[in-house]
Amino acid sequence: MDGHDDRASGRVIPTSKELFLGFLGLGMTAFGGALPLAHRMVLERHRWLTEAEFVELLGLCQFLPGGNIINLSVALGMRFRGVKGAVSAIFGLIAVPSMVVVMLGILYQHYQHDPNIKHLFAGLAAAAAGLLIQMAVKIALPLRKNLVLAALATVCFIAIAWLRIPLLWTMLVMTPVSVVITAKFAEKGTVK
């Protein structure tokens, strides 16, 4: 391994190449839940961070907009190698999935009029819709115990789904409104 070994902390400081290759391997194997694999790669296999450092960095990445694993790759690259490390890590992470999407796009372009392919994509669309509905139900179930939070969620849903107000504008208005309403009702003990 070419990375500098920080013996005092047990960490290995990765090079830009090691960041690229580490996240390339992660991008090739992690379809969906990549965080457990990232944890194993960063802590156990490469020893780039300690457990406490990983948790702290992940907390920051969860606060930032975007996917946690994408944010983690950029943050880790920036931490060790600056902009060059961030670019290396993110390109490593997205290289294989990007090639897969391009290849599927090429195949779809060639076979888009084939009825079997149309049925395949209709089935994929139905599966994606089912997953989206399942996620919405999972998020909404805890709200049934609290009418205030359920009402706020309903207003957001109506604004976005039926009134077609853009998500950004809905969030800019409803976030402060929901914070104020939740705080007011929390004082009265009706919001848990």
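Predicted model: local features only at pLDDT ≥ 70, side-chain atom pairs only at ≥ 80, totals over all residues.
Rings of Phe, Tyr and Trp, the last by its six-membered ring, count as a pair if their centres lie within 6.5 Å; planes under 30 degrees apart are called stacked, over 60 edge-to-face, and the rest tilted.

Residues are numbered from 1 along each chain as its sequence is written, and side-chain values use heavy atoms, with hydrogens and water left out.

Consider Phe23 and Trp48. Their ring centres are 6.5 Å apart and their planes stand at 35°, so this pair is tilted. Phe23 belongs to helix α1 (residues 16-29), whereas Trp48 sits in the loop between α2 (35-45) and α3 (51-63), so the pair ties together parts 25 residues apart in sequence. Helices here are DSSP runs of H or I, at least four residues, numbered from the N terminus. Are these two residues buried or exposed? Buried means under 20% relative accessible area, exposed over 50%, and partly exposed in between, with a 1.4 Å probe and protein chains only. Phe23, at 0%, is buried, and Trp48, at 0%, is buried as well.

I turn to Tyr108 and Phe121. Their ring centres are 4.9 Å apart with planes at 70°, so the pair is edge-to-face. Tyr108 lies in helix α4 (residues 68-111) and Phe121 in helix α5 (residues 115-140), so parts 13 residues apart in sequence are tied together. Tyr108 is partly exposed at 37%, and Phe121 is partly exposed at 40%.

Notes. Helix = DSSP H or I, 4+ residues; strand = E, 2+ residues; numbered from the N terminus.
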